[in-house]
Amino acid sequence: MDFELSEQQNMLKTMARDFLSVECNKVKVRDLEESDTNYDPKMWSKMAELGWLGLIFPEQYGGTGADLLDLVILMEEMGRNITPGPFFATVALCAIPIMKFGNKRQQANYLTSIAEGKSIWSLAIEERHGGYEASHINCSADYDGKHFVINGEKMFVPYAHIADYFLVVCNTGKDAGGDGGLTTFIVKAKSRGVKIEKISTFAGDGQCRVRFRNVKVSRSDVLGRINSGRKVLDMIMQWGTVLKCAEVSGACQAVLEMTNNYAKERIQFDKPIGSLMVIQHQLVDMFTDIEGLQYLVYYAAWLLTQGVKADVQISIAKAKANKVYQRACIDGVKIHGAIGFTMDHDLGCYFRRIKTAEFMLGDTSLHLEKIASGLGL
Amino acid sequence: MDFKFGEKEERLREEIRQFAGVELAGRNTIAGMEEESNDEDWEFAMSMSRKLARKGWLTMAWPKEYGGQGASYFEQHVYADEASYWGIPGTSMGVSGIGWVGLSLMLFGSDEQKKKYIPLIASGDPDGVWCTAYSEPNAGSDFANIQTRAVKSGDEYILNGQKIWTSCAHRARWCWMAVRTDASVKKKQHGISLMIVDMKSPGIIIKPILNYAGVHIFNEFFLDNVRVPVTNLVGTENRGWYHLMQSLAFERHSMAPQFFGSARRILEFIVKYARETTYNGKTLASDPIVRNKIAERAIELDTLKLFGYEITWKMSRGVIPVYEAARNKAYCDFFMQRLATTGTEIIGAYSQIDRASRWPRIMGLITRLYMMFPGLSIAAGTDEIQKNIIGQFKLGLPRAY
């Protein structure tokens with residue numbers, strides 16, 4: 001039993017906090033929300049130089065061989081600061097599945113380039129339903145004897161407008177029924193027949209609709225095996241969800257810190273509002289929720305590093321993260337009063353991202369259902 | 001980071017499981033609940049205390065020189081969790097002795113007191129049963145407001161006043177009592193002392209207070225010229241408040257693993273019940289509302305587990321938990337309420353009837369938890385007091401009262 005961060009994790013945490021406070025203050029966050037690209041290529045290169053992009057890749061592919069818990073610590077800091085850009089999409093949603101399911105050639109081709117900051121990736125999975133069940137995936141890929149031909153539409157694809165490659169989850173076996181026929185393809189963003197359109201979200205976080213019309217991909221661009229995409233999808237759901245939860249956990253910590261400081265400074269009725277029991281108890285509830293979330297995320301990540309089945313604990317972390325983030329932001333605004341409701345206040349940057357985080361990789365209902373099934377219900 | 005116990009702890013868990021299988025065959029109990037209420041349950045609890053004492057588990061936390069095993073915090077954690085899971089009665093002998101009197105005496109008791117009282121507790125015998133008298137009619141959350149007077153007269157103190165909500169006073173051989181030895185102080189925290197009171201002393205009157213479920217746990221406690229030898233003063237006269245803060249810390253740390261143990265068993269029963277019970281031709285488990293509620297409770301259960309792990313780990317590193325203990329107490333209270341309420345909603349109208357009836361569901365365990373949780377959330381400091389502690393000591397907020 002040990003809750004302590006390793007020396008390396010503490011170093012990473014300090015480095016990330018220092019770097020982001022300089023490179024990515026909230027003025028910059030707002031600028032990036034408004035910009036066309038929604039990310040800063042210079043910051044991206046610096047992140048590559050710091051070794052963040054390849055943090056958990058093997059050394060032979062330009063990585064540092066760190067483990068998931070190290071990446072969780074980094075994501076926590078990125079969430080705490082708010083770090084716009086395609087880091088999560090590239091590393092968590094695409095690079096990790098390539099590490100786990102890619103063949104030697106794919107790993108050598110793609111991982112090194114990601115680690116060097118030379119290519120941006122995104123995952124195209126959700127469709128109009130906005131869900132993550134295999135039955136929600138209608139985008140088809142039919143084999144014409146030479147190529148797979150992809151047709152369909154994907155929604156909420158993060159940073160697709162600046163991506164070089166996509167992982168596209170397609171239904172390749174309607175006849176196989178349900179989960180049997182999913183396949184994940186590597187698709188160049190510039191391929192013929194790919195059409196990308198930005199969705200205007202409150203968070204200005206570059207989510208897109210991507211349409212595929214007769215897009216041809218070769219057999220060698222399948223990630224993993226044909227019709228075994230369920231495995232890839234499960235893995236993305238596990239690792240990606242833990243990392244998304246780590247990001248949310250960091251964001252919650254920032255909201256609490258901001259609100260707690262404000263409660264100590266803001267004077268009404270001749271005393272700090274933080275001396276009023278009703279405000280104190282709201283802050284304490286917020287704190288307990290957030291500390292609980294942090295431990296649940298570490299626990300789920302640790303289980304994955306042990307190679308233990310962790311589906312229930314991952315869903316527990318995500319369902320908790322969805323609720324805790326929303327509640328922290330709402331109570332945070334209430335305690336701040338009107339100032340917390342303005343564009344100028346940093347709290348809004350966190351508030352605008354509640355729904356992005358909540359619906360990424362499964363909403364609360366989906367995860368509650370997974371927990372219930374896991375308990376044997 | 002690492003979230004597993006060692007082999008030694010896992011072996012202990014297995015041993016406790018086997019012990020419970022043999023000793024509790026056919027009984028279904030929730031640990032620490034109501035065992036002092038009726039004679040039959042109390043006798044069974046005491047018979048278990050003696051067995052636990054022989055196993056060396058009853059006081060495993062104590063150092064070897066005091067008849068303990070010097071068990072690590074991790075072993076204590078596993079014991080608290082697993083014994084509660086099986087609902088082994090008698091693990092606390094009315095709580096006080098095992099929970100804090102022994103440990104407090106080791107810290108600030110006299111040699112004579114240590115020699116006399118510690119082995120009695122460790123034996124698991126009825127002569128080692130204690131109660132604790134802190135609360136008074138006008139000293140609840142504002143505990144420093146106690147008025148029960150102890151006036152020195154030669155080599156005795158003479159005690160007059162009233163205590164209330166004294167759990168287990170009707171079973172206890174000794175009482176761990178806070179009294180006012182100096183009424184002239186400006187700050188009411190000063191002038192308090194701790195004493196050991198022999199429950200057989202003349203002038204003590206114990207009157208039962210039944211809770212709303214008709215269960216006899218706590219009591220009114222009247223003192224009319226009760227004589228206590230000065231050698232029964234614990235620690236330093238008028239410094240009792242500071243000794244008490246230490247005793248209260250002992251009281252709070254084991255709460256999370258204990259309730260986690262009970263709660264994980266109850267949740268297992270609820271899942272089983274939902275799978276096996278049909279309503280309108282469908283199992284309860286197929287109802288999305290039931291599924292959601294149970295999943296929510298599972299999230300809370302895991303959160304409590306990790307809060308418990310964290311405090312145990314911190315104590316193993318020499319940290320004295322302050323806000324952590326308050327957080328765990330408040331979280332237990334919150335979760336107990338949720339779990340009990342969900343449980344009653346799932347067993348439906350049967351949640352009105354107790355285990356003694358012809359038709360109990362889940363052996364009446366849910367019902368008992370439901371009838372108990374408001375009381376448990378007040379005992380050992382209300383949620384509100386715990387949240388004040390967290391606000392002040394963790395979030396650095398100004399005192400609210």
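Predicted model: local features only at pLDDT ≥ 70, side-chain atom pairs only at ≥ 80, totals over all residues.

Q: Ok, and where do the domains of chain A run?
A: Domain 1 covers 7-119, domain 2 covers 122-228 and domain 3 covers 231-374.

Q: Back to domains 1 and 3 of chain A, how many residues are in contact?
A: On the domain 1 side of chain A there are 25, and they are in contact with 34 residues of domain 3 of chain A.

Q: What area is buried between domain 1 and domain 3 of chain A?
A: About 2,600 Å², with carbon and sulfur atoms giving 71% of that.

Q: How many salt bridges between those two domains of chain A?
A: Four between domain 1 and domain 3 of chain A. There is also a salt bridge between the side chains of A:Arg80 and A:Glu257, at 3.0 Å from N to O. As for polar contacts, eleven residue pairs turn up across the interface of domain 1 and domain 3 of chain A, both residues being at pLDDT 80 or more.

Q: And which helix gives the most to the domain 1 side in chain A?
A: Helices H2 (26-34), H4 (68-81) and H5 (87-101) of chain A each supply at least two residues of the domain 1 side that touches domain 3. H4(A) gives the most, with ten residues. By class, that side of domain 1 of chain A has 16 nonpolar, two polar and seven charged residues.

Q: Switching topic: what about chain B against chain A, how many residues in contact?
A: 42 residues of chain B are in contact with 43 of chain A. The area buried between the two chains is about 4,300 Å², and carbon and sulfur atoms give 67% of it.

Q: Which three residues supply more than any other three of the area that chain B buries?
A: B:Met1, B:Phe3 and B:Arg291, which supply 20% of the area that chain B buries against chain A.

Q: Salt bridges between chain B and chain A, how many?
A: Six. A:Glu4 also forms a salt bridge with B:Arg317, where the closest N and O atoms are 2.6 Å apart. Polar contacts across the interface of chain B and chain A come to 20 residue pairs, both residues at pLDDT 80 or more.

Q: Which elements of chain B are on the side that touches chain A?
A: Those giving two or more residues are helices H7 (255-276), H8 (288-316), H9 (323-347) and H11 (383-393) of chain B. H8(B) gives the most, with 15 residues. The classes on that side of chain B are 23 nonpolar, five polar and 14 charged.

Definitions and conventions
Residues numbered from 1 in each chain as written. Chains lettered and ligands numbered in written order. Heavy atoms only, no water. Domains from an automatic or database assignment. Contact = heavy atoms within 4.5 Å. Buried area = accessible area lost by both parts, 1.4 Å probe. Polar contact = N/O pair within 3.5 Å; in protein donor to acceptor, adjacent residues only side chain to side chain. Helix = DSSP H or I, 4+ residues; strand = E, 2+ residues; numbered from the N terminus. Nonpolar A, V, L, I, M, F, W, Y, C, P; charged D, E, K, R; others polar.
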